[in-house]
Amino acid sequence: MSIRWKTFLSMNRPLVPLDGKGDGKPPQTDARMKVISRTHGRIRRVGLFIPQIFAGWLLLALSYATAADASPKSPQVVVAPPVPLYESRANHSSDGLGKFFLDREIAHFMTHHGASWLERPEREEEEQPTRLVEALALKVGEVAADIGAGSGYLSWRMAKKVGPTGRVYANDIQPEMLQILRTNMLARGLTNVIPVLGDITDPRLPTNAVDLAIMVDVYHEFDHPFEMIREIVRSLKPGGRLVFVEYRGEEKWIPIKALHKMTEAQVRKEMALHPLEWVETLRVLPRQHVIVFRRAPP
Ligand SMILES: C[S@@+](CC[C@H](N)C(=O)[O-])C[C@H]1O[C@@H](n2cnc3c(N)ncnc32)[C@H](O)[C@@H]1O
């Protein structure tokens, strides 16, 4: 072991010469001992700081842990909505309404004439709905809401997960879509999917009743996104989850029109206006993100 290492180990003990002799005081005459004594002095001075450095590290680590811990548990800060809520712009995309919410243009919604496109066989590979439903980890007996359910592409998959003791509210604003959905659920022999006709500001779901509400390729089409989310949150049980499945706006290669995609940052910005906590963003699908919030405790 080198002298330096030994002196470091012994710095909190009385100083003794390396040969083990002596009275514990620094020897005054031997040059080698003088060097060791000076080294000890420096190390002692440094040694005085070691507990402080360690304490600093500890404080830093604790503050990180507290910050990470604080974000989901700290009281929800709800951002005030803009006034006016929506803005009309003459210069806008032909795919949109010319109506903007927090700088995002709202897209035209898909009419029931596009229902067969929702059921296209290649969608299984492009959107992997089976994997999506697995990731939601629904439990038997739970209540789910498929908002903007369309033909029921996701409703029946969720209905199988929650089983006959659970239910899926399948909401849409187009009666024709709900008629297609009814036919599809009947063909599958499912009785726990309940069609609910809503309007553009209210999905008309029961209050405090839903464990998980999901919107698959829907939210960007809401004519009144603020009012819709306010009402959906009202329908959630405290702690109930709200899930956005949107084509990833961050990725240009994804072959969907720009207004029919959303970035995670935009979704989170819009949800900051509601009593919701962001839980996680799952990257389990090839083209969409799955952004999960939960209703904040009152
Ligand atoms: C692109 S389709 C998606 C359908 C379904 N989620 C799916 O993934 O197959 C969008 C659906 O959202 C519905 N929609 C648009 N605005 C809505 C609103 N405010 N409330 C409920 N449904 C709405 C449309 O009628 C349409 O059926």
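**Chat notes: helices, strands and the ligand**

Me: Which residues are buried in H9?
Reply: Val-267, Glu-270 and Met-271 are the buried ones in H9. Seen down the axis, they fall within an arc of 100°, so they line one face of the helix. The arc is taken from the directions that run from the helix axis to the C-beta atoms. Buried means 20 or more other C-beta atoms within 10 Å of the residue's own; 12 or fewer is exposed, anything in between is partly exposed, and the C-beta atoms are placed from the backbone.

Me: Before I go on, what should I know about the model and the numbering?
Reply: It's a predicted model, where local features need pLDDT of at least 70 and side-chain atom pairs count only at pLDDT 80 or more, while totals for chains, interfaces and linings use all residues. Residues are numbered from 1 along each chain as its sequence is written.

Me: OK. What do the buried residues of H9 pack against?
Reply: S2, H8, S8, strand S9 (261-262), S10 and S11. The H and S names are DSSP runs numbered from the N terminus: helices are H or I with at least four residues, strands are E with at least two.

Me: And H8, which residues are buried there?
Reply: In H8 (residues 225-235) they're Pro-225, Met-228, Ile-229, Ile-232 and Ser-235. They cover an arc of only 115° around the axis, which puts them on the same side of H8. That buried set packs against S2, strand S4 (143-147), S7, S8 and H9.

Me: How does S8 pair with S11?
Reply: S8 (residues 236-248) pairs with S11 in the antiparallel sense over 7 bridges. Pairing here takes at least two DSSP bridges between the strands. Arg-241 stands opposite Arg-294 in S11. S10 (residues 276-282) also pairs with S11, antiparallel over 6 bridges, and a hairpin through 5 residues joins S10 to S11. Over there, Thr-281 stands opposite Ile-291.

Me: Now the core. Which members touch the most others?
Reply: Ala-144, Ala-213, Ile-214 and Val-243, out of 54 residues in the largest nonpolar core. A core like that is a set of buried Ala, Val, Leu, Ile, Met, Phe, Trp, Tyr and Cys residues joined through C-beta atoms within 7 Å. Strand S7 (residues 210-216) gives the largest share, 6 residues.

Me: What does Val-243 touch?
Reply: Leu-136, Leu-212, Ile-214, Val-290 and Val-292, not counting residues up to four places away in sequence. Contact means the C-beta atoms, placed from the backbone, lie within 7 Å.

Me: On to the ligand. How many residues surround it?
Reply: 24, and the closest are Phe-109, Gly-148, Gly-150, Tyr-153 and Val-216. To count as near, a residue's C-beta atom, placed from the backbone, has to lie within 6 Å. The shell divides into 15 nonpolar, 5 polar and 4 charged. Nonpolar covers Ala, Val, Leu, Ile, Met, Phe, Trp, Tyr, Cys and Pro, charged covers Asp, Glu, Lys and Arg, and the others, Gly among them, are polar.

Me: Is Val-216 buried or exposed?
Reply: Val-216 is buried, with 23 other C-beta atoms within 10 Å. It sits in S7 and, leaving aside neighbours within four places in sequence, is in contact with Leu-154 and Val-245.

Me: What's the phi of Asp-217?
Reply: Positive, about 55°, although Asp-217 is not a glycine. Asp-217 lies in the loop between S7 and H8 and counts as buried, with 22 C-beta neighbours inside 10 Å. Asn-208 has a positive phi too, about 50°, but Asn-208 is exposed, with 11 other C-beta atoms within 10 Å.

Note on methods. Contact = placed C-beta atoms within 7 Å.
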